[in-house]
Amino acid sequence: MIELKDISKVFRKKNIDIKALTEVNLKIPEGRIYGIIGSSGAGKSTLIRCINLLERPTQGQVLINDVDLMTLSPGKLIDVRRKIGMIFQHFNLLSSRTVFENIAFPLELIGTSKEHIQLKVKELLDLVGLESKSDEYPASLSGGQKQRVAIARALASDPAVLLCDEATSALDPATTRSILNLLKDINKRLNITIVLITHEMDVVKAICDDVAVLSEGRVIERGSVREIFSNAKTDLTQQFINSSLHVDIAHEYLNRLVQVSEDNGKDLLLKVRFNGASTDQPLLSSIVKLFGIDYEVLNAKMDTLGDMQVGVMLLKISGSIDAITNVINYFKDKKLEVEVIGYV
Ligand SMILES: Nc1ncnc2c1ncn2[C@@H]1O[C@H](COP(=O)(O)OP(=O)(O)OP(=O)(O)O)[C@@H](O)[C@H]1O
């Protein structure tokens with residue numbers, strides 16, 4: 001278990017104090033994948049670097065299995081850090097070393113025998129799917145392959161915790177998915193606790209069990225990913241969720257979109273967001289029966305979080321102003337989030 005207690009971090013720059021973190025409290029249970037999401041400058045990097053004291057908090061305690069890292073001697077801290085692997089957005093590989101030598105590096109530092117290094121590196125190359133790249137140099141690898149090498153290197157000293165500092169931010173969507181799948185596999189197979197920071201809810205949704213939302217150095221919301229998606233309490237969290245579930249509106253409609261329907265003859269464009277509780281109900285067929293309207297689903301995106309479905313739909317609804325008003329109220333009664341885009 002990782003526990004951050006009342007962590008604050010103040011940077012001093014040209015006699016000005018910059019408060020990067022303020023009284024952050026987090027409990028990260030063993031074996032979980034814990035996401036920390038926030039906008040640029042929210043303090044994510046500072047926070048994740050406080051976990052292994054790459055950044056020393058100005059105040060507070062960093063407890064790993066009840067040991068406060070802030071009180072350890074430099075020697076003891078090195079021992080503890082060996083059990084906390086870390087990967088970075090830009091991979092931080094040694095360009096003059098081959099893939100094999102990069103992964104072997106932390107083992108060489110602690111005087112591991114050549115035979116053991118051979119076995120261990122081969123096992124790790126196998127785990128990250130890079131057996132054939134052993135003798136290549138980083139320059140000849142793709143971004144995804146570089147991150148796989150970095151992951152293998154971080155796992156070389158059998159860590160209990162893996163810290164991921166925007167590990168997929170420099171990768172394209174398909175490569176991001178494959179790296180996230182690898183992290184999830186590592187978490188399950190090796191029972192390694194993973195803490196990751198990101199500015200994308202898609203990353204959280206893809207692999208995290210829990211998430212904390214960081215804003216201006218403070219944790220403003222935390223919980224299981226499922227809880228947060230079904231019941232976000234702050235606007236910022238909702239914005240992050242919305243950004244991960246967006247539907248585009250075709251130019252054909254955007255070009256003739258107006259905000260008021262003066263003649264009762266226009267169709268309404270409506271964006272409707274829902275979570276598990278509401279998708280079970282036959283909502284669309286109900287609105288036809290109840291209010292005598294026609295509808296068309298122009299775009300929809302759905303996702304599954306555990307056994308819960310979340311999604312967003314873009315609907316075009318044809319009917320009288322009164323019927324349309326009834327539809328909007330009906331959706332709201334069903335606890336759907338409704339956004340009127342305009343009339344076309
Ligand atoms: N070494 C430093 N010296 C001075 N200020 C710093 C230092 N590191 C971070 N800060 C400041 O602390 C605040 C939080 O920065 P941090 O890098 O932790 O945010 P972040 O959420 O990781 O942002 P990004 O997503 O842009 O990397 C910012 O105002 C930043 O300018």
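With which residue does R189 form a salt bridge? The partner is D185, and the closest N and O atoms of the pair are 3.0 Å apart. The legends below describe close-up views of a predicted model.

View A. R189 and D185 are four residues apart in helix α6, so about one helical turn separates them. R189 counts as exposed because its relative accessible area is 56%, above the 50% cut-off. D185, with a relative accessible area of 27%, is partly exposed. The structure holds 13 salt bridges.

**View B. The salt bridge between R82 and D79 in helix α2.** The closest N and O atoms of R82 and D79 are 3.5 Å apart. The two residues lie three positions apart in helix α2, which means that about one helical turn separates them. Both ends of the pair are partly exposed: R82 has a relative accessible area of 32%, and D79 has 45%.

**View C. The salt bridge between E123 and K120 in helix α4.** The side chains of E123 and K120 meet at 3.7 Å, N to O. Helix α4 spans residues 114–128 and holds both residues, three positions apart, about one turn of the helix. E123 is partly exposed at 48% relative accessibility. K120 has a relative accessible area of 9% and is therefore classed as buried, the limit being under 20%.

**View D. The largest pocket and its lining.** The space in this pocket is about 660 Å³. Its lining comprises 20 residues, and R81, I84, M86, P106 and S157 lie nearest the centre. Two or more lining residues come from each of α2 (74–82), β6 (84–88), α3 (99–109) and α5 (143–155). Strand β6 gives the most, with five residues. By class, the lining of the largest pocket has 13 nonpolar, four polar and three charged residues.

**View E. The second largest pocket and its lining.** About 350 Å³ of space lies in this pocket. Of the 16 residues that line the second largest pocket, P173, T176, R177, D202 and V203 lie nearest its centre. Helices α6 (173–190) and α7 (201–207) and strand β12 each supply at least two lining residues. The lining of the second largest pocket divides into six nonpolar, four polar and six charged residues.

View F. I192 is buried, at 3% relative accessibility. The C-alpha atoms of I192 and G85 are separated by 9.9 Å, and the two residues are 107 positions apart along the chain.

View G. Phi of K14 is near 45°, a positive value in a residue other than glycine. K14 sits in the loop between β1 (2–13) and β2 (16–28) and is exposed, with a relative accessible area of 79%. D158, also not a glycine, has a positive phi of about 45°. D158 is located in the loop between α5 and β7 (161–165) and is partly exposed at 47% relative accessibility.

**View H. A nonpolar surface patch formed by V288, Y295 and V297.** Together these three residues have about 210 Å² of accessible area. V297 belongs to strand β12, residues 294–305. The relative accessibility of V297 is 36%, so V297 counts as partly exposed.

How values were computed: Residues are numbered from 1 along each chain as its sequence is written. This is a predicted model: local features need pLDDT of at least 70, side-chain atom pairs count only at pLDDT 80 or more; totals for chains, interfaces and linings use all residues. Side-chain values use heavy atoms; hydrogens and water are left out. Patches are made of residues with over 30% relative accessible area and no salt bridge: like charges are joined within 9 Å, nonpolar side chains (Val, Leu, Ile, Met, Phe, Trp, Tyr) within 5 Å. Accessible areas come from the Shrake-Rupley method with a 1.4 Å probe; for residues, only the protein chains shown count as cover. A salt bridge is a side-chain nitrogen of Lys or Arg within 4 Å of a carboxyl oxygen of Asp or Glu. Buried means under 20% relative accessible area, exposed over 50%, partly exposed in between (1.4 Å probe, protein chains only). On a 1 Å grid over the protein atoms alone, a cavity is a set of points where a 1.4 Å probe fits but cannot get out, and a pocket is an open set with protein on both sides within 12 Å along at least five of seven lines; lining residues have an atom within 4 Å of a point. Grid points are joined across faces, edges and corners, and a volume is the space filled by probe spheres set on the points. Ala, Val, Leu, Ile, Met, Phe, Trp, Tyr, Cys and Pro count as nonpolar, Asp, Glu, Lys and Arg as charged, and the others, Gly among them, as polar.
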